[in-house]
Amino acid sequence: MPIESLNLARGQFALTAIFHILWPILTISLSAFLMVVETLWVKTSDVVWYRHARFWSKLLLLNFAVGVVSGIPMEFQFGTNWGPFSQYTGQFFGNILGFEGAMAFMLEAGFVGIMMLGWGRVPKGVHLFATSMVALGSSLSAFWIMVANSWLQTPAGVAVVNGKLVVTDYVKAIFNPDMFWGVSHMWFAALETGLVVVAGISAYYLLKRRNPEFFVRSFKLALLILAIVAPIQIWLGDSSGVDVFETQPAKGAAIEGHWETNAPGTGASWSLIAWPNAEKQANDWSLEVPGMLSILGTHSLHGQVKGLRDIPVADQPPMIPMLYYAFRAMAGIGFLFMVLAFWTVYAIRKARGRIDALLAQRKLLLAWVLAIPLPYIAVECGWIVREVGRQPWVVYGLLRTEHAASAISSGAITGSMVMFTGFFVVLISSFFVFARRWLKKGPDLTMMPPAEPARVSSVHAVDY
């Protein structure tokens, strides 16, 4: 395949993946948040929690709709642009995508209708069950997608037979070395995204002093959960980083701008900030902390960290400066969320339940409003690290990207990419138009829970 067509095919998949990932992460987290809110309503019969469920579910539905539509073109590319890849890996990769569609997406899509339209038509317990199934379905979807992606990072349970990968052990393939860290790190990233969005939107209303009694509840609930989730996510990120240095040393060295393997008995230096130069096989400049990379990458004082110079240039990831800074942006945002969460918990405790004291913390509230885009940036940076860092492999160590693409002309790929770009512009513009209307209207504070549907005690025959 001509290099121009290959790069266009990669660019098109990057475009669709970068756009699509914006939506599932909020669906996963917001559905879980709604499950908590609705549980509080069912348990306490407090009408405010019911109004929260109705208010935030509108954002979930809008987000879900865009996510479904934007995901279709991404999956079709496996058959159009990446035919050799699909043929080579189909026995496992194709099956896992099938599991995601049949087991997860259908569950989520099947119950979302009851969740949105079942108010007053089904009992409270049944509606809560439907909401829980939407949350479960979205999380299962993330699980299977990340299983498939983790297997690309650390393939296991397969053998090459007649030029194709044949599954020899499904359990090993599913529970490959990267699976736990990939699934958990992505799921908690999704949780963080939704919690920051809920906290940021609530802070916006509090800044405007619109319905403060209502939004102080969602603000406190989101921050209480985030104060637990943020430290766990940092631990997961650290642990997954150690796993990367063990299973994908080229990626680990690239995201840290590490060129020289440290000698036994010495610690590898960590560059706090640098500019990696692949042509020179060195950093143009760097600010280093002696011995720290061994601690971060291996959790030992003198752990050996393989440098890029000990890896063939053909096997090194491309665009190393982008990987280097994408990783730091992701990690920095993760630490920022923890600091913001703890600062806010302290401010809430100091307010001692007085809403006016919390409303006086205008800088804090503004910080949460400005933080709304940050989890999306962190997730995109994380996927850049994960996917670009795996290159030049599609299936790490088994199939190179240049051997995975279909023989399609650059003109055909360019045409479809232009079409997708226009389609995505329409989608995201429509989302912001409707989201703005939803935000401007705000919650309906007069809404009351519908009466429970009448129970049918017996079935009577009808004579004709």
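The model is predicted, so local features need pLDDT of at least 70 and side-chain atom pairs pLDDT 80 or more, while totals for chains, interfaces and linings use all residues. Residues are numbered from 1 along each chain as its sequence is written, and side-chain values use heavy atoms, with hydrogens and water left out.

Start with the largest pocket, at about 1400 Å³. A pocket here is an open set of points on a 1 Å grid over the protein atoms alone, where a 1.4 Å probe fits, with protein on both sides within 12 Å along at least five of seven lines; lining residues have an atom within 4 Å of a point. Of its 49 lining residues, Phe13, Ala17, His20, Met74 and Ile145 sit closest to the centre. By class, the lining splits into 31 nonpolar, eleven polar and seven charged residues.

The second largest pocket comes in at about 990 Å³. Its lining counts 41 residues, with His185, Gly237, Ser240, Phe327 and Met330 nearest the centre. Helix α11 gives the largest share of that lining, nine residues.

Then there is α13 (residues 362-370), where Leu364, Leu365 and Trp368 are buried, meaning under 20% relative accessible area with a 1.4 Å probe, protein chains only, whereas exposed means over 50%. These three cover an arc of only 100° around the axis, which puts them on the same side of α13. Lys363 and Leu370, on the other side, are exposed. The cover over the buried residues of α13 includes α7, α8, α11 and α12, contact being heavy atoms within 4.5 Å.

Conventions
Helix = DSSP H or I, 4+ residues; strand = E, 2+ residues; numbered from the N terminus. Arc of directions from axis to C-beta. Points joined across faces, edges and corners; volume = space filled by probe spheres on them. Nonpolar A, V, L, I, M, F, W, Y, C, P; charged D, E, K, R; others polar.
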